[in-house]
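Here are some notes for a colleague who is about to look through this entry. They are set out as numbered points, to be read beside the coordinates.

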Amino acid sequence: MSDIPKIRPVETANAHLSESDYFKLATEGVNRAGEEGPLHVDPDVADDMGAFRETALSDQDALDSHFDGLDPTADEDSGEDAAS
């Protein structure tokens with residue numbers, strides 16, 4: 001017989017992580033790995049870490065974006081050009 005032991009599969013517990021637990025562990029791993037320098041991070045993990053800057057418009061900016069500087073309540077026929 002051979003002196004090489006047979007490899008047997010290891011039976012492990014079937015553990016499930018919640019999404020929040022996964023992100024906590026991933027964040028911890030990113031923080032440790034980031035001590036060595038820049039690294040690529042999964043976008044979902046980075047988003048959970050708050051890495052993306054909020055770029056949404058304010059309510060007023062969104063409302064203002066509908067107008068091109070013209071007064072939407074002004075009559076088109078009013079003014080000096082209408083008389084000529």
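Which helix gives the most to the negative patch?

1. Helix H2, residues 43-48, gives the most to the negative patch, contributing three residues. The patch lies on the surface and gathers Glu19, Asp42, Asp44, Asp47 and Asp48. Glu19 is found in helix H1, and with a relative accessible area of 60% it is exposed, because the cut-off for that class is over 50%.

2. Please keep in mind that this is a predicted model. The mean pLDDT of the protein is 76, and 62% of its residues reach 70 or more. Confidence is highest in helix H1 (residues 19-34), at a mean of 90, and lowest in helix H3 (residues 59-64), where the mean is 81. Where pLDDT is low, the predicted coordinates should not be read in detail.

3. As to the overall fold, the secondary structure of the protein comes to three helices and zero strands, and the pattern read along the sequence is α-α-α. Of the 84 residues of the protein, 7% count as buried. The accessible surface comes to about 8,500 Å², and 51% of this surface belongs to carbon and sulfur atoms.

4. A search of the whole structure finds one salt bridge, which is formed by Glu28 with Arg32, the closest N and O atoms being 3.0 Å apart. Both of these residues lie in helix H1, where they are four residues apart, or about one turn of the helix.

5. Arg32, at 57% relative accessibility, counts as exposed, because its value is over 50%.

6. The surface also carries a nonpolar patch of about 320 Å², made by Leu17, Tyr22 and Leu25. Of these residues, Leu25 is found in helix H1.

Notes. Residues are numbered from 1 along each chain as its sequence is written. This is a predicted model: local features need pLDDT of at least 70, side-chain atom pairs count only at pLDDT 80 or more; totals for chains, interfaces and linings use all residues. Side-chain values use heavy atoms; hydrogens and water are left out. pLDDT is the predictor's confidence in each residue, from 0 to 100. Helices (H or I, at least four residues) and strands (E, at least two) are DSSP runs, numbered from the N terminus. Buried means under 20% relative accessible area, exposed over 50%, partly exposed in between (1.4 Å probe, protein chains only). Accessible areas come from the Shrake-Rupley method with a 1.4 Å probe; for residues, only the protein chains shown count as cover. Patches are made of residues with over 30% relative accessible area and no salt bridge: like charges are joined within 9 Å, nonpolar side chains (Val, Leu, Ile, Met, Phe, Trp, Tyr) within 5 Å. A salt bridge is a side-chain nitrogen of Lys or Arg within 4 Å of a carboxyl oxygen of Asp or Glu. Lys and Arg count as positive and Asp and Glu as negative; His and the chain ends are not counted. The place of a charge is taken as NZ of Lys, CZ of Arg, CG of Asp or CD of Glu.
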